[in-house]
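Dear colleague,

Please find the structure below, followed by some notes on what turned up in it.

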Amino acid sequence: MTSLLQGLKNIKWKHYINYIAVGIFAILFTLMTFGGSLPQSTLYMLEEITMNILLSVSLCLVVGFLGELSLGHAGFMCVGAYMGGKLAVILSKTALGNGVLSFVFCMLLGAVVAGAAGFLIGLPALRLKGDYLAIVTLAFGEIVKTLFQNSSSESFGGPVGLRTPRFDKQYLFIIGFALVLLALFVIQNLIRSKHGRAITAIRDNEIAAKATGINVTKYKLLGFIISAAFAGIAGVFYSFSHNYVKAEVFDYNYSIEILIMVVLGGMGNISGAIISATLITVLNTELQTILTGDRAVLKDVIYALILIAIVIYNNAPALRSFRERFTPRAFVRRLLAKRKGNAYNADDDARWDVVPTKIDMDEVLSVDLKVVESTMRPDKEDKSDE
Amino acid sequence: MSDFVLETKNLGISFGGLKAVQDVNLKIKKNEIYGLIGPNGAGKTTVFNMLTGVYQPTTGTFFLNGEELKGNTQEKINHKGIARTFQNIRLFNNMTVVRNVMVGLHSAPEFKCTLLESLLRLPRHFRVEREMRERAKELLEIFGLLDERNHLAYNLPYGKQRRLEIARALATSPKLLLLDEPAAGMNPQETAELMDMIRFVRDHFDMTILLIEHDMSLVSGICDRLTVLNFGVTLAEGDVTTVLNNPDVVKAYLGD
């Protein structure tokens with residue numbers, strides 16, 4: 001018994017907090033569904049939430065840990081949605097019908113094709129930096145969207161869109177939660193390994209990473225492929241959830257919305273990405289139902305104001321010291337210090353053990369002089385070592 | 001096996017019409033501390049960049065323990081046994097000190113662990129992680145950084161950042177260590193400590209060291225032999241006193 005307790009004490013709970021939180025919510029909502037106490041609108045919202053968590057967690061790998069700005073995440077999702085949706089249409093006419101097995105096949109196809117697209121985008125990422133890569137990914141998303149829009153009506157439905165078979169709505173969100181857990185398993189285990197360390201090393205200093213023997217090509221491509229594959233899975237989930245895939249949905253606005261989820265969650269913070277994806281989805285859906293008619297325009301205004309407030313809260317220096325003082329961790333430490341009679345030392349609150357973030361909001365959302373300067377000299381190479 | 005750890009033959013590079021470095025012939029013996037000096041813009045760092053695969057030499061070639069390394073990628077050259085530090089310190093700033101060193105251990109054959117093993121959390125993943133951390137701590141202890149191991153690298157004071165960079169380079173278990181201006185920005189006291197440390201690295205790690213330096217007290221204090229570059233060509237080479245008293249060298253540094 002004591003050894004069991006000891007064992008429980010040794011578990012790094014921090015590593016499992018995301019699984020536990022997602023798992024608890026999954027079980028809670030499952031029980032509520034079986035109890036019949038969830039309205040259809042809540043089920044729909046849960047599907048949206050799990051899908052957006054999938055997207056933000058997977059983008060978090062590229063933006064937060066690999067340190068590359070990708071504005072084409074919806075493009076990967078689009079690929080997955082169309083591929084999975086089309087396969088579902090084909091399979092529904094076979095013996096597999098519309099069961100779980102055909103669902104799994106669709107997921108696999110969506111993940112593989114989107115992962116291949118991620119590989120293609122990873123290739124320019126080996127040579128392009130920052131803004132230039134962002135432009136390439138942005139263009140990728142638009143190209144994918146346009147391609148599917150202009151497909152023939154027999155293949156992918158063209159401008160009308162692709163109608164996909166209906167999946168049992170009631171339980172779809174449970175699959176959504178399972179997919180989130182799968183994504184967390186893969187991405188968190190990747191990051192908390194030597195391979196993830198290599199990826200964060202590339203983010204922090206690519207030149208030093210190469211000189212330290214890290215295969216930058218391999219790890220950049222790996223990051224892009226895994227991230228895109230999960231975006232593809234989210235796309236397949238979308239096609240099952242909406243029964244209808246229309247390319248217009250996957251425009252750059254959607255990509256940027258996913259990016260906002262990652263940024264608000266704190267780049268390189270997976271728990272943050274989950275929370276902000278949830279909050280933004282709820283906010284979006286609620287604002288849509290509250291503000292109807294003429295007031296619908298206010299939705300974007302409120303949304304933008306909240307974003308501005310959070311960004312200022314996260315980055316303003318004056319607020320930063322305030323924030324550091326009042327984190328839950330600081331509170332616990334102060335409490336412990338008081339109990340032990342030690343003086344409280346604010347330096348202890350610096351969170352060394354959290355995988356920190358490199359890019360801050362300023363870098364992503366503003367065009368500063370440095371960027372303009374490098375745009376004027378596109379062939380400028382970093383020779384500061386010279 | 002060649003007599004020399006590093007041997008360059010007519011190593012040179014041109015950027016367009018500009019011949020940045022021409023005909024550099026270095027012969028560095030095992031356990032030697034070899035200095036590469038010269039005025040600003042002489043091409044010293046360019047030589048380092050060629051030796052580490054950042055630039056591909058346009059003429060000549062170079063050998064590590066008799067093996068030709070020209071044409072390899074940077075990480076391949078590192079795996080073969082050349083590690084370097086940078087003139088302007090390049091650490092993984094947002095990672096902890098111990099993780100910086102662990103990145104250096106990434107490619108060591110004894111710490112091999114495939115992606116699948118890491119993703120599925122197989123026993124080997126845990127063993128490799130534990131052993132890497134232990135090895136990294138040993139290295140940090142040698143460099144007096146053990147207490148700071150959980151600090152973020154950019155929070156370290158300048159001198160410790162230099163030491164961490166050397167520790168990270170040594171973590172890749174090189175045969176030749178390239179130090180690019182290790183004493184830059186240090187006061188005489190720190191420079192003296194650095195000299196002790198470089199000697200210690202040579203003895204403790206059985207290392208051969210090639211260093212670029214402007215600080216003549218450091219150069220004359222620890223280097224066994226020197227090569228002087230000026231405008232990309234070798235001006236003089238040989239043991240320290242001969243080279244530093246060479247009238248051409250004095251002229252290159254001080255003018256006529």
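Which side chains meet in a salt bridge? They are those of B:E129 and A:R197, at 3.2 Å from N to O, where a salt bridge is a side-chain nitrogen of Lys or Arg within 4 Å of a carboxyl oxygen of Asp or Glu. The rule finds 1 salt bridge across the interface of chain A and chain B.

Please bear in mind that this is a predicted model, in which local features need pLDDT of at least 70 and side-chain atom pairs count only at pLDDT 80 or more, while totals for chains, interfaces and linings use all residues. Residues are numbered from 1 along each chain as its sequence is written, chains are lettered from A and ligands numbered from 1 in the order in which they are written, and side-chain values use heavy atoms, with hydrogens and water left out.

The contact (heavy atoms within 4.5 Å) draws 39 residues from chain A and 45 residues from chain B. Together the two chains bury about 3500 Å², of which 53% lies on carbon and sulfur atoms; buried area here is the accessible area (1.4 Å probe) that two parts lose on being put together, summed over both.

As for chain A by itself, it has 17 helices and 2 strands, these being DSSP runs numbered from the N terminus (helices H or I, at least four residues; strands E, at least two). Of its 386 residues, 48% count as buried, that is, under 20% relative accessible area (1.4 Å probe, protein chains only).

Technical notes:
Buried < 20%, exposed > 50% of the residue type's maximum accessible area, 1.4 Å probe, protein only.
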